[in-house]
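Please keep the structure in view while reading.

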Amino acid sequence: MASERRQEVLAAARELLARDGVEGLTVGRLAAALSIKPPSLYKHFASKRDVEVALIAEGLEAHAAAVAAAGDGLGAIASAYRRFALDNPPLYRLMTERPLPRELLPEGLEARAAAPLLRALGDDGDLARAAWAFAHGMVQLELAGRFPPGADLAAAWRSGVAALEGARP
């Protein structure tokens with residue numbers, strides 16, 4: 001169980017991330033939000049990266065729960081994936097735009113996050129990776145405003161999901 005102060009640091013980091021994005025999550029800003037000096041943060045986290053890893057772990061847990069709650073169908077899983085990303089853009093970016101710190105995450109977390117997608121695709125790891133890449137790419141483009149005005153994104157998602165479902169063994 002994390003200390004109360006560590007939880008306060010994480011709560012402030014979550015707020016800062018949501019408000020100012022990945023780039024705004026700095027040790028100086030985090031310390032200021034807590035009304036402490038930056039070196040005081042190191043009593044609770046060894047580095048800024050450790051704060052980020054804790055946020056990534058929380059995000060993956062929340063994402064895994066949202067996707068698992070969606071049901072077993074690939075369309076429902078894709079919708080839950082998209083909804084999580086669009087509801088939490090800075091957290092999603094933190095979770096996905098850099099290499100995943102696997103060695104620092106709770107054991108089994110990555111597998112729990114991937115399990116619904118694997119089940120939906122008959123435990124085909126390669127197809128699951130392709131489905132994840134499709135969903136991630138679609139979300140990244142949507143978040144970046146890269147689709148033309150009036151593009152029917154729901155139709156694009158349906159087409160992508162149908163193509164992936166058709167590729168199932």
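## Contact between α5 and α9

In this predicted model, helix α5 meets helix α9 through Leu74, Gly75, Ala78 and Arg82. The partners of these residues in α9 are Leu153, Ala154, Trp157, Val161, Leu164 and Glu165. Sorted by class, the contact of α5 with α9 holds seven nonpolar residues, one polar residue and two charged residues.

## Geometry of the α5 and α9 pair

Two packed helices are described by the angle between their axes and by the distance between those axes. Helix α5 spans residues 74-87 and helix α9 spans residues 153-166. The axes of α5 and α9 come within 10 Å and cross at roughly 135°. An angle over 145 degrees would count as roughly antiparallel, and 65 to 115 degrees as roughly perpendicular; α5 is therefore oblique to α9. The crossing of α5 and α9 is right-handed.

## Contact between α8 and α9

Helix α9 also packs with helix α8, which covers residues 125-143. The axes of α8 and α9 are 10 Å apart, and the angle is about 170°. Because angles over 145 degrees count as roughly antiparallel, α8 is described as roughly antiparallel to α9.

On the α8 side, the contact is made by Leu127, Ala130, Ala131, Phe134, Ala135, Met138, Val139 and Glu142. On the α9 side, Leu153, Ala156, Trp157, Gly160, Val161 and Leu164 take part. The contact of α8 with α9 comprises twelve nonpolar residues, one polar residue and one charged residue.

Which residues of α9 meet α8? Among them are Leu153, Trp157, Val161 and Leu164, and these four residues of α9 also meet α5.

## The protein as a whole

The protein contains nine helices and zero strands. From the N terminus on, the order of elements is therefore written α-α-α-α-α-α-α-α-α. Along the principal axes, the C-alpha atoms fill a box of roughly 55 × 40 × 25 Å.

Of the 169 residues in the protein, 37% count as buried. Among contacts with a separation of 6 or more, 63% are between residues 24 or more positions apart.

## Confidence of the prediction

The mean pLDDT of the protein is 94, and 99% of the residues reach 70 or more. Which element has the highest mean pLDDT, and which the lowest? Helix α5 has the highest mean value, 97, whereas helix α3, residues 38-41, has the lowest, 91.

Key. Residues numbered from 1 in each chain as written. Predicted model: local features only at pLDDT ≥ 70, side-chain atom pairs only at ≥ 80, totals over all residues. Heavy atoms only, no water. Axes fitted to C-alpha atoms, helices over the stretch in contact; angles between N-to-C directions. Helix = DSSP H or I, 4+ residues; strand = E, 2+ residues; numbered from the N terminus. Parallel < 35°, antiparallel > 145°, perpendicular 65-115°, else oblique. Left-handed = near helix turned anticlockwise from the far one by under 90°. Contact = heavy atoms within 4.5 Å. Nonpolar A, V, L, I, M, F, W, Y, C, P; charged D, E, K, R; others polar. pLDDT = per-residue confidence, 0-100. Buried < 20%, exposed > 50% of the residue type's maximum accessible area, 1.4 Å probe, protein only.
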